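Please keep the model open as you read.

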Amino acid sequence: MLFRRRRAELPPVTDPAIDAHIHWLGMRGLVARDGLTREEWIAAAGDPSDPMSLADALTSGRPCAVPIGVTVTGTDLVRDIELLADGLGLPIDDVTLTDSTLLIRSGTTRSALDASGPNVLSQVASMFVDAVHVLLVEGRTFAVVHGDVAEQAERALRQGEYTSPHAP
């Protein structure tokens, strides 16, 4: 008896250069907005062979490329720092709050901050952001991106557009 092979559904045709640009943006902290397909993103870009065109692309006035952001509750400082560490990949191993002193351990390094001071969460996140990255803060939402795409990420964050690090 002869068996016929069923044709498998073929994947969409891809362009390795465009895929490389999308990967490049992702490595710098910009990813496709939730619910947006790769094809929609590419179609919205003026010149998808240019990574900055992909970074600037809009659909219905919304940015296609958005930063990975973490929104904190603002009610529990230790829990908020743990959320920042998990969501932004900050190398924080332990956080404790004693009276008004915040103790942070990262590897063998220990740091102490005045927890009653202003912008404590920004201070903590800034401790782990190097010179080529930028910490973005909009309200209670934090993101860290490479300086190459900071302008696009900041614009998206101001519009309330970001994706959760734990999005499916």
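**A sheet and its helices**

Glu138 stands opposite Thr141, a residue of strand E10. Keep in mind as you look at this pair that the model is predicted. The two strands to follow here are E9 and E10, the latter covering residues 141–146; they pair in the antiparallel sense over 6 bridges.

Now widen the view to the whole sheet. It is an open one, built from 3 strands in the order E5-E10-E9, with antiparallel pairing. At its edges stand strand E5 (69–71) and strand E9 (133–138); each has a single partner strand, so one side of each is left without a neighbour in the sheet. On average, and ignoring direction, neighbouring strands of this sheet are turned by 20° against each other.

Next, bring in the helices. Helix H4, made of residues 77–88, packs on the sheet and touches E5 and E10. The direction of H4 makes about 160° with that of E5. Helix H6, residues 150–158, lies across E9 and E10 and runs at about 15° to E9.

To finish, let's return to strand E10 and pick out one of its residues, His146. Is His146 buried or exposed? Its relative accessible area is 17%, and because buried means under 20%, His146 counts as buried. Which residues does His146 touch, leaving aside those up to four places away in sequence? They are Arg28, Val132 and His133. Of these, you can find His133 at one end of the range given for strand E9 (133–138).

Notes: Residues numbered from 1 in each chain as written. Predicted model: local features only at pLDDT ≥ 70, side-chain atom pairs only at ≥ 80, totals over all residues. Heavy atoms only, no water. Pairing = 2+ DSSP bridges. Helix = DSSP H or I, 4+ residues; strand = E, 2+ residues; numbered from the N terminus. Axes fitted to C-alpha atoms, helices over the stretch in contact; angles between N-to-C directions. Contact = heavy atoms within 4.5 Å. Buried < 20%, exposed > 50% of the residue type's maximum accessible area, 1.4 Å probe, protein only.
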